[in-house]
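Open the structure in your viewer and keep the sequence panel beside it. We will go from stop to stop, selecting a few residues each time and looking at what is there.

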Amino acid sequence: MSRAPKAPERKNARPGTSKGSAPADRPAPTPAAARVLWMPLALTMGLALLAFLPRVQANASLSWSFRAAVAGLLVWQGVLLLRMRNAPAAPQLAVTLRANHYVQVVVQLALFAYWGWYWRPIYDQAGLIAAQLLFGYAFQMLLAWSRGEPYRLGFGPIPIIFSINIFLWFRDDWFYLQFLMVAVGLLGKDLLLWHREGRMRHIFNPSAFTLTLFSIALIATNATDLTRGSELASTLTLAPNFYTLMFLAGLVHMYLFSITLMSAVAAATIFGLSAWYAGLTGVPYFIDSEIPAAVFLGLHLLFTDPATSPRTALGKALFGVLYGLGVFASYEWLNALGAPTFYDKLLCVPLLNLIVPAIDRAVRSAPLRLPWQLHWSPMTANLAWMAVWIAFFGAMTAAGKTDGRHVGDSLPFWERACESGRRHACQTLIQIETSYCADNSGWACNELGRHYMEGTLVAPDREQALTLFARACEGRFQPGCLNLLAPDTPQTANPRALDLRLLLRERGLNLMEMAEPDLYARACEHGWAFACERRAGGLP
Amino acid sequence: MTRRGVAAAAARYLLASSLALGGGAGGAGAPRPGMEAVLGAQAPSPAVAFPDFVEIPGGPFVMGADPATDPSAFDNERWSPAQGTGTVEASTFYLARHEVTVAQFAAFARASSWRVDPQALAGPPSHPVAFVSWPDALAYCRWLEGEVRRAPEAPARVKQLLAEGWRVTLPTEAEWEKGARGTDGRRYPWGSEPRRDRANYENRGTAAVGTYPCPECPYGLADMSGNVWEWTGSPYQPYPYDASDDRANLEADALWVMRGGSFGDQARQVRGSTRGAADPGARRAFIGFRVALVKR
């Protein structure tokens with residue numbers, strides 16, 4: 001790896017500049033400075049206008065984040081203007097539309113639209129995402145011109161910003177960190193470069209780079225609560241048939257950009273490791289799926305950037321295997337740390353980006369050279385791999401390993417697994433109950449409170465237990481109230497219908513309108529003995 | 001006993017049995033001197049204004065009201081289809097003379113990590129705290145008990161009671177009703193007729209605790225009628241009340257009894273036997289609480 005070389009070398013090597021580049025990437029004729037500097041100013045004004053959104057106005061911290069971003073951009077433009085007075089070179093602008101950018105934008109927009117239909121905060125976030133786009137474009141323009149380089153106007157920043165927003169949002173009170181995350185991603189793309197295949201290329205996948213840096217900081221400071229990352233990871237499956245949708249959208253990417261081997265091999269690796277783990281321990285590795293929805297999304301939209309991944313077929317396959325192993329290992333590591341596991345899909349990507357040249361070298365070396373050669377064109381080979389991937393995904397779906405019900409969806413399954421001493425089962429049970437308690441299931445809060453009071457599954461913590469009993473009580477779960485009066489002998493009861501509507505959602509179904517007989521039938525299928533008895537007794 | 005006689009007896013009783021934790025015995029009509037010290041700007045943090053506990057002696061009392069004989073009574077106050085009122089035996093306990101104030105609750109909020117509604121701390125310091133849920137009230141009781149055990153300035157008698165197994169908690173609805181009505185089944189803490197000079201009701205907001213003097217009240221407790229509804233430690237269940245089975249149906253949604261009516265209620269709602277109930281998570285401008293010292 002090398003740091004960014006000096007400007008003349010870079011100019012010579014980068015596409016879109018005067019020497020050594022393809023004619024299609026050459027910048028358009030340079031307009032006068034005044035004719036292009038209105039663009040970042042207009043974008044900044046657009047950002048300032050978005051600060052008048054009711055949501056921004058309603059939160060002082062959010063409003064200040066916008067003001068700070070606008071002020072920062074304006075100051076930067078002022079400094080740039082002053083510099084240009086002393087230097088005759090005018091900022092240059094070229095329009096460069098790349099298919100991999102706009103196709104990804106279409107896929108990401110489709111994902112947001114579908115996901116948001118079932119989880120409304122996505123739509124509510126639209127204004128804040130638009131603000132990041134305006135900020136990102138202005139930031140990248142000013143960065144390019146400050147470095148004396150032409151700015152290539154295209155769709156480039158959009159997939160980066162969308163990708164960031166698919167995986168991590170800072171809460172409104174901390175939104176300035178979201179702008180910072182966008183800035184770091186764009187800085188990483190434009191400043192951290194190396195020579196690869198005769199050109200200067202960015203080293204890191206820009207969105208994964210910034211997401212990983214911020215993830216590490218959040219894990220290290222135990223500050224995940226500042227974000228809505230956990231919600232983002234867990235609400236994808238509120239959208240029915242999410243895996244099938246991502247699979248179909250992924251096929252478009254695979255067809256156009258030959259990423260099939262990376263995505264498919266990564267998916268197969270994770271599916272395989274999950275199956276191996278479940279066979280060994282009797283419990284699923286990823287709690288309620290063979291491959292978490294957010295990971296499935298990540299292996300289609302996060303780590304497959306062609307610019308930061310290997311070029312050869314074997315290299316891509318190896319890259320996919322390593323991503324699968326990386327996700328698997330990250331999940332275990334995060335679990336061991338007691339950190340939120342949704343970071344699993346992010347952490348290994350920059351590391352993989354760094355070893356791409358080593359992978360390329362390795363697959364060209366004698367030991368890894370395949371003894372046989374397929375004399376197919378790259379397009380034919382890609383189609384063949386796509387056919388294999390379609391068959392594999394079809395088989396997994398037929399086996400109920402994607403969108404169907406999963407054994408880990410059942411809370412009684414984890415209770416039994418915990419009693420039987422299965423690996424991590426008690427830890428998972430606590431994790432699931434914590435999640436349902438956060439969803440306002442009084443039953444789940446009371447169960448958690450009991451565990452903290454009794455200290456059998458977790459270290460005893462009386463204060464935590466009382467807080468959980470209070471939460472259960474405020475959720476109108478009567479044993480929670482009684483446990484506040486007499487915490488040393490905690491009581492429990494079966495989940496109420498309201499609790500069941502939360503506990504039986506599997507991966508996000510809305511059961512709030514489900515008739516009670518159907519609800520109890522579903523509870524019985526999930527292994528709730530009292531629900532089966534209730535049905536047998538003829539009660540609704 | 002005449003009204004004057006009752007007042008004199010109550011005054012004598014107060015002098016004899018009041019556990020004045022915040023400073024002298026004092027009357028029912030004024031905030032405690034100790035509390036004044038805490039409420040003042042110069043009060044050092046984290047000073048705790050200990051409640052002024054009043055002893056309610058053990059013995060039977062009349063609970064409930066019969067709508068057939070008392071037109072102001074609600075149906076849920078009737079003891080049973082066959083009986084208008086009931087007689088309940090209550091053991092000796094202590095009830096705070098005043099509702100917990102904003103200042104007292106603020107001391108708790110400062111000293112603990114319990115999350116409270118900011119609106120609970122927004123009222124005048126000497127007014128009853130409101131915007132507290134049922135668990136908030138119990139959390140305050142637990143904290144106060146710890147403070148009493150720890151604080152050297154807490155009266156030895158209360159420390160001794162705690163050492164003997166007594167607890168600071170919410171009164172049951174039976175204890176609350178006995179504290180409000182005494183043993184003679186009166187409608188209001190001061191007698192049988194509503195009096196606007198005795199309680200804060202049909203009004204626009206809370207008043208400082210103890211603003212309304214009540215020399216006729218059986219135990220000298222302030223604001224047992226009006227000001228804010230007071231949470232009790234009893235789940236809402238139909239009468240007849242059974243102290244030995246004061247437990248809720250575990251399967252039903254929780255609903256807890258509150259008593260005394262509030263500043264915004266009519267005279268009918270601020271009677272000693274009126275039973276209110278609320279979702280335990282409710283934080284409202286008209287719901288507060290007072291603490292009890294009990295042996296259970």
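Select B:Arg149, which is partly exposed with a relative accessible area of 42%; here buried means under 20% relative accessible area, exposed over 50%, and partly exposed in between, computed with a 1.4 Å probe on protein chains only. A salt bridge here is a side-chain nitrogen of Lys or Arg within 4 Å of a carboxyl oxygen of Asp or Glu. B:Glu145 and B:Arg149 are separated by about one helical turn because they are 4 residues apart in helix 4 of chain B. Helices (H or I, at least four residues) and strands (E, at least two) are DSSP runs, numbered from the N terminus.

A word on what you are viewing: this is a predicted model, in which local features need pLDDT of at least 70 and side-chain atom pairs count only at pLDDT 80 or more, while totals for chains, interfaces and linings use all residues. Residues are numbered from 1 along each chain as its sequence is written, chains are lettered from A and ligands numbered from 1 in the order in which they are written, and side-chain values use heavy atoms, with hydrogens and water left out.

B:Arg186 is buried, with a relative accessible area of 10%.

Next, pick B:Arg198 and B:Asp197, another salt bridge, at 3.7 Å between the closest N and O atoms. B:Arg198 is buried at 11%, whereas B:Asp197 is partly exposed at 39%. For a group view, select B:Glu173, B:Glu177, B:Arg181, B:Arg259 and B:Arg275, which are joined into one network by salt bridges that share partners. Over all chains, the rule gives 36 salt bridges.

**Chain B as a whole**

Colour chain B by secondary structure and you can look for its 6 helices and 11 strands. Of its 296 residues, 58% are buried. Contact means heavy atoms within 4.5 Å; among the contacts in chain B with a separation of 6 or more, 76% are between residues 24 or more positions apart.

While you are here, zoom in on B:Tyr239 and B:Pro240, which are joined by a cis peptide bond with omega of about 10°. B:Pro240 lies in the loop between strand 7 and strand 8 (256-259) of chain B.

**Where the chains meet**

Show both chains. How many residues of chain B are in contact with chain A? There are 25, and they meet 17 residues of chain A. Between them the chains bury about 1800 Å², 59% of it on carbon and sulfur atoms; buried area is the accessible area (1.4 Å probe) that two parts lose on being put together, summed over both.

The interface has 3 salt bridges. Select A:Arg476 and B:Asp279 to see a salt bridge whose closest N and O atoms are 3.9 Å apart. On the side of chain B that touches chain A, helix 4 (134-150), strand 6 (167-169) and strand 7 (229-235) of chain B each supply at least two residues. Helix 4 of chain B gives the largest share, 5 residues.

**Loops of chain A**

Select A:Thr227, in the loop between helix 10 (206-220) and helix 11 (229-235) of chain A. Is A:Thr227 buried or exposed? A:Thr227 is buried, with a relative accessible area of 4%. Leaving aside neighbours within four places in sequence, its contacts include A:Trp169, A:Arg171 and A:Phe342.

Compare A:Thr456, which is exposed at 61% and sits in the loop between helix 22 (442-454) and helix 23 (462-474) of chain A. A:Thr456 and A:Cys426 are 30 residues apart in sequence and 9.8 Å apart in space, C-alpha to C-alpha.

For a last stop, visit A:His424, a residue that is not a glycine but has a positive phi of about 60°. A:His424 is in the loop between helix 20 (411-419) and helix 21 (425-438) of chain A, and is partly exposed at 26% relative accessibility.
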